Amino acid sequence: MIVLVTLEREGASTVDEMMRVLERVPEVVEAWNVTGDHDFAVRMIARDMESYDELARKLFAADERVRSFKTLVIIRQVKELSPVPVAWDR
């Protein structure tokens, strides 16, 4: 899953606290602090939807720092991570 998380407040301490929370969760395999409508984009893994639902309730729904979250369920991988060919000397 990719979860888009919006915090209640965007203060530095709130963002720092959420980063610490996400770093401790083994099911969170990647997380980014982002700009735009959301504050975090989080890539997570779960055994099944019930496991995800349980984790999302604890991690996001029950956290007073989180205003809202949106889950994108990944159906299939279209392209694997690959190095980006960039010519930096241009």
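Helices (H or I, at least four residues) and strands (E, at least two) are DSSP runs, numbered from the N terminus. Glu-30 lies in strand 2 by that assignment. The structure is a predicted model, in which local features need pLDDT of at least 70 and side-chain atom pairs count only at pLDDT 80 or more, while totals for chains, interfaces and linings use all residues. Residues are numbered from 1 along each chain as its sequence is written, and side-chain values use heavy atoms, with hydrogens and water left out.

## Overall description

The protein has 2 helices and 4 strands, in the order β-α-β-β-α-β from the N terminus. Its C-alpha atoms fill a box of roughly 45 × 35 × 25 Å along the principal axes. Of the 90 residues, 29% are buried, where buried means under 20% relative accessible area, exposed over 50%, and partly exposed in between (1.4 Å probe, protein chains only). The exposed surface comes to about 7,100 Å², and carbon and sulfur atoms supply 51% of it; accessible areas come from the Shrake-Rupley method with a 1.4 Å probe, and for residues only the protein chains shown count as cover.

Contact means heavy atoms within 4.5 Å. Among contacts between residues at least 6 apart in sequence, 62% join residues at least 24 apart.

The protein carries 13 positive and 17 negative charges, whose mean positions are 3 Å apart. Lys and Arg count as positive and Asp and Glu as negative, with His and the chain ends not counted; the place of a charge is taken as NZ of Lys, CZ of Arg, CG of Asp or CD of Glu.

## Strand pairing

Two strands pair if DSSP finds at least two bridges between them. The pairings described here are tabulated below.

| Strands | Sense | Bridges |
|---|---|---|
| Strand 1 and strand 3 (residues 40–44) | antiparallel | 4 bridges |
| Strand 1 and strand 4 (residues 66–72) | antiparallel | 6 bridges |
| Strand 2 (residues 28–33) and strand 3 | antiparallel | 5 bridges |

Strand 1 has partners in both strand 3 and strand 4. Towards strand 3, Ile-2 is bridged to Arg-43 and Val-5 to Phe-40. Val-5 also stands opposite Phe-69 in strand 4. Because 5 of the 6 residues of strand 1 are buried, this strand is largely enclosed by the rest of the structure.

Strand 3 pairs with strand 1 and also with strand 2. It is mostly covered, with 4 of its 5 residues buried. Trp-32 has Ala-41 as its bridge partner in strand 3. Strand 2 and strand 3 form a hairpin with 6 residues between them, and Gly-36 in the turn has a positive phi of about 105°.

Thr-6 belongs to strand 1 (residues 2–7). Thr-6 is buried, at a relative accessible area of 8%. Not counting residues up to four places away in sequence, Thr-6 touches Asp-37, His-38, Asp-39, Arg-65, Val-66, Arg-67 and Ser-68.

Ala-41 is found in strand 3 and is buried, with a relative accessible area of 12%. Beyond residues up to four places away in sequence, Ala-41 touches Val-3, Leu-4, Glu-30, Ala-31, Trp-32 and Val-34. Glu-64 lies 23 residues from Ala-41 along the chain, with their C-alpha atoms separated by 18 Å.

Glu-30 counts as partly exposed because its relative accessibility is 32%. Leaving aside neighbours within four places in sequence, Glu-30 is in contact with Ala-41, Val-42 and Arg-43. With Arg-43 there is a polar contact between the two side chains, at 2.7 Å. From Arg-67, Glu-30 is 37 residues away in sequence and 21 Å away in space, C-alpha to C-alpha.

Note on methods:
Polar contact = N/O pair within 3.5 Å; in protein donor to acceptor, adjacent residues only side chain to side chain.
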